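Please read the following points with the sequence and the model side by side. They are set out for a reader who is new to protein structures.

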Amino acid sequence: MSTAVKNQVRVCLLSVKYNIMREMVNPVTFVTNILFMMLNNATILVQWFILFRLRGEIGGYTMKDVMLLWGLTASSFGLSKVLFARVFSLSELIISGKLDSYLVQPKNVCLSVLTSATSTASIGDFLYGLVLMAFSGFSVGRLVLFLLFTVTGTVIFVAFTLLLGSLSFWFVRAEMAGGQMVSGMISFMTYPDGIFRGISRFLLYFLIPVGMAVWQPVHIMAAFSGIADNGMGVGAAGQSLQSGLAALLTVAGYAIALMSFAVFVFYRGLRRYASSSLMEARM
């Protein structure tokens, strides 16, 4: 069992590797796409600099907090597009009956689909997120937490997109609603959670998992930074550390649970899949 899982993971990593290598055939285009993606992201932060010149904080966030929020969003989104870009076009594959070539491969169907495409320009998103994290306050511990939450954010984002895409097994027009939900999640991830109240805040934590993807991780990182910077006593620091670790485990558990549910829905839907009888080969 363990060997089978390792083999599946190894094959999928090779798939991602070769997808990226194909994109690197033209190095100039490859590097240019990454740099322009980073530049495009940087221009969007200008509005926040202007807003924070007018107000000291927005929704309980300072400029450094917003930079960390944007950094975590960019890195999570970028990593999901680099490793699992096909999940964003899953509905199209299902509706057009193009999953046939994945079903005949000796690999896990879900992993095979998710890792069959990549977006190398999104490497720029991932690197841009690291740059913002560094400017928001760099430390080794902060970097470790940032990378950890980038992984959990990627898992949550991919799981949510997979779940919505899998609805196309049952509903023909589900891709329209799913696309809007994914776009909405990306938009909400770039705003401080303090500006949301009541039902909207509840929905963004439990219906659209923005809270667990980026908001809660930002609060956890801020709490760990406070322990390091404020010189707390041993007792207070210990209590804060315990609560921070509990929150961290909650985020990780949520990511695993959501991905497990999304995979379950995908395979249940796969039973309803109807082939288009297309002759298509995948190498």
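1. Read along its sequence, the protein chain of this predicted model follows the pattern α-α-α-α-α-α-α-α-α-α-α-α-α. The chain holds 13 helices and 0 strands; helices (H or I, at least four residues) and strands (E, at least two) are DSSP runs, numbered from the N terminus.

2. Residues are numbered from 1 along each chain as its sequence is written, and side-chain values use heavy atoms, with hydrogens and water left out. Because the model is predicted, local features need pLDDT of at least 70 and side-chain atom pairs count only at pLDDT 80 or more, while totals for chains, interfaces and linings use all residues.

3. Of the 283 residues in the protein chain, 45% are buried (under 20% relative accessible area, with exposed over 50% and partly exposed in between; 1.4 Å probe, protein chains only).

4. The largest nonpolar core has 72 residues, and Leu99, Met185 and Trp215 touch the most other members. Helix 9 (residues 140–166) gives the most to this core, with 11 residues. Such a core is a set of buried Ala, Val, Leu, Ile, Met, Phe, Trp, Tyr and Cys residues joined through side-chain atoms within 4.5 Å.

5. Leaving aside residues up to four places away in sequence, Met185 touches Ile156, Phe157, Phe160, Ile208, Pro209, Val210 and Ala213 (contact means heavy atoms within 4.5 Å).

6. Is Ser119 buried or exposed? Ser119 counts as buried because its relative accessibility is 19%. Ser119 lies in the loop between helix 7 (109–114) and helix 8 (123–135), and, not counting residues up to four places away in sequence, touches Lys81, Val82 and Ala85.
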